[in-house]
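Take a walk through a protein model, one part at a time. Keep the sequence and the 3D view open as you read.

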Amino acid sequence: MKKSIVSILLSFVGIFLVLGLWAAISANVAPDLPSPLRTWEESRLYIMEPWQKRGEMDQGIGLMTAYSLLRVAKGFALALLIGTPLGFLLGSSPLFFRMFDPTIQILRPISPLAWLPLGLILFRQSEPAALFTIALCSMWPTVVNTMQGVRAIPQDYHNVAKVLRLSPWRKFTKIMLPATLPYMFSGYRLSLGIAWLVIVAAEMLTGTPGVGGFLWQEYNSLIYSHILLCILTIGIVGFILNRLMGFAETRLRAA
Amino acid sequence: MSYLNLTNIAKSFGPRSILHNISLSLAEGEFVSIVGASASGKTTLVKIASGLATADSGSVTIAGRAVNGFIEEAGMVFQNYSLLPWLSALENVRLAVEPAFPQWTPKQHTDQAMKYLDMVGLGKAALKTPAQLSGGMRQRVSIARAFAAEPRILFLDEPFGALDALTRATLQQELAQLCRAAGRPVTALMITNSVEEAILLSDRIHALGRGPGATLSPGFTVDLARPRSAGLLMHDAKAVSLRHRLAEFLTTGAVAAPALVKEVA
């Protein structure tokens with residue numbers, strides 16, 4: 001208990017040191033960078049009235065975050081729906097693995113910025129293009145971790161399935177899925193992190209309302225303090241998402 | 001008429017010959033043990049006999065039919081228990097009952113699983129997961145799982161190998177009791193590294209020589225009344241002589257001369 005209080009205090013010390021560094025840089029090195037205080041004053045309206053809608057691209061930070069989160073949720077769900085079965089197939093069939101592993105290794109490192117124009121060409125609308133990009137970029141950790149999870153199932157469990165003469169479906173639900181679940185969840189957590197990274201790029205390029213879209217618009221309107229507001233929001237939301245997934249993961253492992 | 005039949009089984013892993021020219025037959029209801037040192041190919045042999053692995057050459061039949069994969073009438077107890085850690089003891093046993101009796105209701109499946117957990121003395125621990133059970137209790141669950149499907153033939157791959165001596169002795173007696181109480185002939189093929197365990201449980205014992213290219217010794221009939229106690233092994237002349245002959249074969253690879261055996265007995 002005492003230890004956790006100390007670490008919370010220490011993390012606040014760290015935050016204040018970084019804020020101090022930020023203030024020092026804006027005061028001495030980069031005059032265009034708004035100071036923490038100015039950022040707070042100019043962003044106050046957006047933070048204190050988070051659900052206020054004044055215009056399409058002029059909304060409280062809560063609403064903006066909600067739009068982005070909804071978009072990420074859709075793209076992430078799509079990534080899981082495609083990535084999980086794909087991981088199971090790759091993990092359980094050596095033939096399938098040899099056939100598709102090289103392709104996956106090539107597709108994996110492609111940046112969201114490269115996929116998005118392709119999505120726009122394919123769907124001709126920004127929303128599906130954004131979802132396409134999020135799904136395509138964020139599904140790989142799910143695919144790879146699920147695959148590794150399936151491969152890590154001990155031979156003993158496969159023998160148990162044979163000895164008990166489990167049907168393929170029973171084997172899947174009673175052995176394969178529970179044995180792979182912890183790996184899958186590690187993949188999900190990494191995928192969600194990537195989905196949240198991709199959202200900013202997707203919204204910037206498509207100009208849709210959301211944290212990323214707002215950031216890009218305020219850059220074009222020269223309201224730099226709002227860029228910092230968006231950056232901080234993105235960081236904090238990402239942190240919370242990661243914590244939530246981590247929490248779910250430990251609950252799962254304990255069960 | 002033999003129930004399980006192995007004819008001229010050979011198996012190699014790459015250039016390494018594991019088993020060579022192994023033939024063995026078990027009558028229905030017979031309990032046969034194969035004793036051998038570790039890494040002598042015992043586990044490979046029981047996997048081939050049960051259909052979990054295939055031999056390079058030779059044939060396996062159970063009840064006259066060629067074995068091609070693990071058959072319905074068979075059950076198996078693994079050395080490392082192989083329980084599913086995310087299921088309770090009851091669910092682990094029930095998982096084996098369902099495919100064995102597909103026509104039953106869920107209630108009957110649960111009752112059958114509980115009945116066998118009770119028989120191994122784990123009725124009260126039915127809802128615990130394997131992680132909450134000791135090694136001996138886990139192996140009891142594993143034995144209950146094998147018996148609950150009411151197999152006609154049972155393969156036991158060093159079932160007590162991972163247990164301490166005391167637990168081992170108790171479980172040996174429980175296994176013998178379960179076989180007797182089954183109400184039908186249960187043929188069993190047990191792999192073990194313990195000569196004493198083989199004598200306690202078996203009708204006949206074969207020793208598996210050292211690999212590579214291990215072959216089976218002739219059978220040693222265990223002509224001792226049941227139930228057998230551990231004390232019997234120490235004092236009964238026939239048991240002592242049998243222990244000696246088996247140990248002799250395991251160390252030298254030759255069957256001791258009968259004269260010598262008599263002398264010891």
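This is a predicted model: local features need pLDDT of at least 70, side-chain atom pairs count only at pLDDT 80 or more; totals for chains, interfaces and linings use all residues.

Residues are numbered from 1 along each chain as its sequence is written, chains are lettered from A and ligands numbered from 1 in the order in which they are written, and side-chain values use heavy atoms, with hydrogens and water left out.

Start with chain A. It has 10 helices and 2 strands. Helices (H or I, at least four residues) and strands (E, at least two) are DSSP runs, numbered from the N terminus. Along the sequence, the pattern of chain A reads α-α-β-β-α-α-α-α-α-α-α-α. The C-alpha trace of chain A spans about 70 × 55 × 35 Å along its principal axes.

Now turn to chain B. Here 4 strands form an open sheet in the order 2-1-4-5, with antiparallel pairing. Two strands pair if DSSP finds at least two bridges between them. Which strands stand at the edges of this sheet? They are strand 2 (16–27) and strand 5 (65–66) of chain B. Each has a single partner strand, so one side of each is left without a neighbour in the sheet.

Strand 1 (residues 2–13) and strand 4 (residues 57–62) of chain B pair in the antiparallel sense over 5 bridges. Find B:Ala10, whose bridge partner in strand 4 is B:Ser57. Then find B:Leu6, whose bridge partner in strand 4 is B:Val60. In a regular strand the side chains alternate between the two faces of the sheet.

Strand 4 of chain B also runs antiparallel to strand 5 of chain B, and 2 bridges join them. In strand 5, B:Arg65 is the bridge partner of B:Ile62. The hairpin of strands 4 and 5 of chain B has 2 residues between the strands, and B:Ala63 takes a positive phi near 50° there. B:Asn21 lies in strand 2 of chain B. The phi of B:Asn21 is near 50° too, a positive value in a residue other than glycine.

Chain B has another open sheet, this one of 6 strands. The order is 6-7-8-3-9-10, and the pairing is mixed.

Touching here means contact, with heavy atoms within 4.5 Å.

The bridge partner of B:Ile34 in strand 9 is B:His206.

One peptide bond deserves a look. B:Arg226 and B:Pro227 are joined by a cis peptide bond, with omega about -5°. B:Pro227 is found in the loop between strand 10 (220–221) and helix 7 (230–235) of chain B.

Finally, see where the chains meet. 19 residues of chain B are in contact with 14 residues of chain A. The area buried between them is about 1,600 Å², and carbon and sulfur atoms give 65% of it. Buried area is the accessible area (1.4 Å probe) that two parts lose on being put together, summed over both. In chain B, B:Leu52, B:Trp86 and B:Leu95 lose the most area to chain A, together 33% of what that side buries.

The count of salt bridges between chain B and chain A is 1. A salt bridge is a side-chain nitrogen of Lys or Arg within 4 Å of a carboxyl oxygen of Asp or Glu. This one joins the side chains of A:Arg170 and B:Glu98 (2.0 Å, N to O). Side chains of opposite charge can pair when their charged atoms come close.
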